[in-house]
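Here's a quick walk through some side-chain contacts and helix packing. Have the viewer open and follow along.

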Amino acid sequence: MEFGLVGLLRAAWVAGILPLLVASLPFPRLGWLHEAVMGLAKRGKIMQSSLCIFTVPQRFFTHFYALAVIWTGLLLAATWLYAYEMAPIASEPFLYSSIAGHLTGGSHLFTLHRYRSTPLKHRYMVWKSVFLLLLMEIQVLRRLYENIYVFNYSPSAQMHIFAYLTGLFFYTTAPLSLCSNFAAEVYEFSANRVSEFIVRGKDQMASSEFDLLEFVNPLMKLGWRHWIGAIIFFWGWIHQHQCHRILGSLRERREESHEYVVPHGNWFERVSCPHYLAEIVIYAGLVVASGGSDLTIWLLFGFVVANLVFVAAETHRWYHSKFDNYPWDRFAIIPLIY
């Protein structure tokens with residue numbers, strides 16, 4: 001089951017990346033493909049809603065993040081509990097004292113056995129997945145907040161139904177990709193715990209002493225690469241929030257003047273789509289935090305880059321066609337490159 005899930009996720013990301021890459025190639029014969037893919041990806045100001053069918057309001061973006069918060073939260077809770085119960089990371093003296101305490105007072109009688117039987121590398125990889133899911137939850141919580149309180153979508157702003165379905169797909173599979181190597185184990189563990197609760201009831205369940213330090217401490221023992229990845233993640237996270245606030249303020253002004261204006265400030269001084277650039281930085285941080293050895297996470301990152309670069313190019317062209325005085329030293333999404 002585990003291999004099947006990992007294989008399906010990788011196939012799904014490849015299937016999403018290839019059309020975007022091919023459609024981006026500068027060959028005249030592929031113009032029809034570019035137009036077809038762009039027609040499905042257009043939204044907001046670059047979409048002429050009067051010429052499109054099968055659209056939904058752009059404010060439906062909130063659905064993506066509501067789903068992501070719930071789904072990522074469930075995966076995080078289940079994986080964290082599995083890591084705490086089945087993949088403890090602690091020093092031997094701490095474990096011996098813990099076992100002695102449990103023998104005299106209660107539960108987790110097999111903690112020492114689990115510690116010795118589970119390879120250390122495997123336990124660290126499980127806690128790495130917890131770390132990645134925690135970062136993802138922080139990201140989608142902020143995006144949900146922004147869609148409710150920062151953005152002010154115009155009632156006329158639309159997106160293609162395919163883009164809507166793609167968003168739902170992305171925020172279902174992206175969190176799963178961060179823990180796919182242990183999804184089968186976590187599912188089996190969670191199913192057993194739920195079954196035990198149903199059969200025995202709350203009063204008959206083995207009492208469990210919750211140790212907050214043991215619950216959090218393994219995250220502190222992750223390697224330097226994971227924390228460098230977190231720093232990169234929060235660098236992009238902060239800049240994306242600032243760019244979204246700039247865009248949100250422009251939308252408020254547009255309601256008064258009914259005219260688009262050129263955004264300025266933060267990374268807008270360098271690129272036309274700094275919020276997309278920040279998203280790439282965020283997922284690059286997840287790649288680094290993962291250790292860079294998981295192909296599934298690399299493919300997730302590849303899809304994010306391919307999708308955002310493709311849409312940013314169209315947005316950049318729209319800005320130049322809309323504003324005669326648009327800054328010509330701005331790049332589309334990557335400073336000094338593209």
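## Contacts, charges and a crossing

Asn 266 has a relative accessibility of 29%, so this residue counts as partly exposed (the class between buried, under 20% relative accessible area, and exposed, over 50%, with a 1.4 Å probe and protein chains only). Before going further: this is a predicted model, where local features need pLDDT of at least 70 and side-chain atom pairs count only at pLDDT 80 or more, while totals for chains, interfaces and linings use all residues. Residues are numbered from 1 along each chain as its sequence is written, and side-chain values use heavy atoms, with hydrogens and water left out.

Back to Asn 266, which sits in the loop between H10 and helix H11 (274-289). Helices here are DSSP runs (H or I, at least four residues), numbered from the N terminus. Asn 266 isn't a glycine, yet its phi is positive, at about 55 degrees. Leu 336 is another non-glycine with a positive phi, about 65 degrees. You'll find Leu 336 in the segment after helix H12 (295-322), and at 76% relative accessibility it counts as exposed.

What does the side chain of His 239 make a polar contact with? One partner is the side chain of Asn 266, at 3.0 Å, and the side chain of Trp 267 is joined to His 239 by another polar contact, of 3.5 Å. A polar contact is a pair of N or O atoms within 3.5 Å; within protein, one must be able to donate a hydrogen and the other to accept it, and residues adjacent in sequence count only if both atoms are side-chain atoms. His 239 itself lies in helix H10 (residues 224-257) and is buried, with a relative accessible area of 15%. Leaving out residues up to four places away in sequence, His 239 touches Asn 266, Trp 267 and Ala 278 (contact means heavy atoms within 4.5 Å).

Now the charges. Side chains of opposite charge can pair when their charged atoms come close. The structure holds five salt bridges, each a side-chain nitrogen of Lys or Arg within 4 Å of a carboxyl oxygen of Asp or Glu. Among them are these:

| Pair | N to O distance |
|---|---|
| Arg 193 and Glu 85 | 3.7 Å |
| Glu 146 and Arg 142 | 2.7 Å |
| Glu 146 and Arg 143 | 3.6 Å |

Glu 146 and Arg 142 are four residues apart in helix H6 (residues 120-149), so about one helical turn separates them. Glu 146 and Arg 143 are three residues apart in H6, again about one turn. Glu 146 is buried at 0% relative accessibility, Arg 142 is buried at 5%, and Arg 143 is buried at 8%. Through shared partners, salt bridges join Arg 142, Arg 143, Glu 146 and Glu 279 into one network.

Arg 193 is partly exposed at 29% relative accessibility, whereas Glu 85 is buried at 9%.

How do those two helices pack? H3 (residues 61-86) and H8 (residues 183-200) meet at an angle of about 85 degrees, with their axes 9 Å apart. Axes are lines fitted to C-alpha atoms, for helices over the stretch in contact, and angles run from 0 to 180 degrees between N-to-C directions. That makes H3 roughly perpendicular to H8 (65 to 115 degrees). The contact involves residues including Tyr 82 and Glu 85 of H3 and Phe 189 and Arg 193 of H8.

Technical notes: Parallel < 35°, antiparallel > 145°, perpendicular 65-115°, else oblique.
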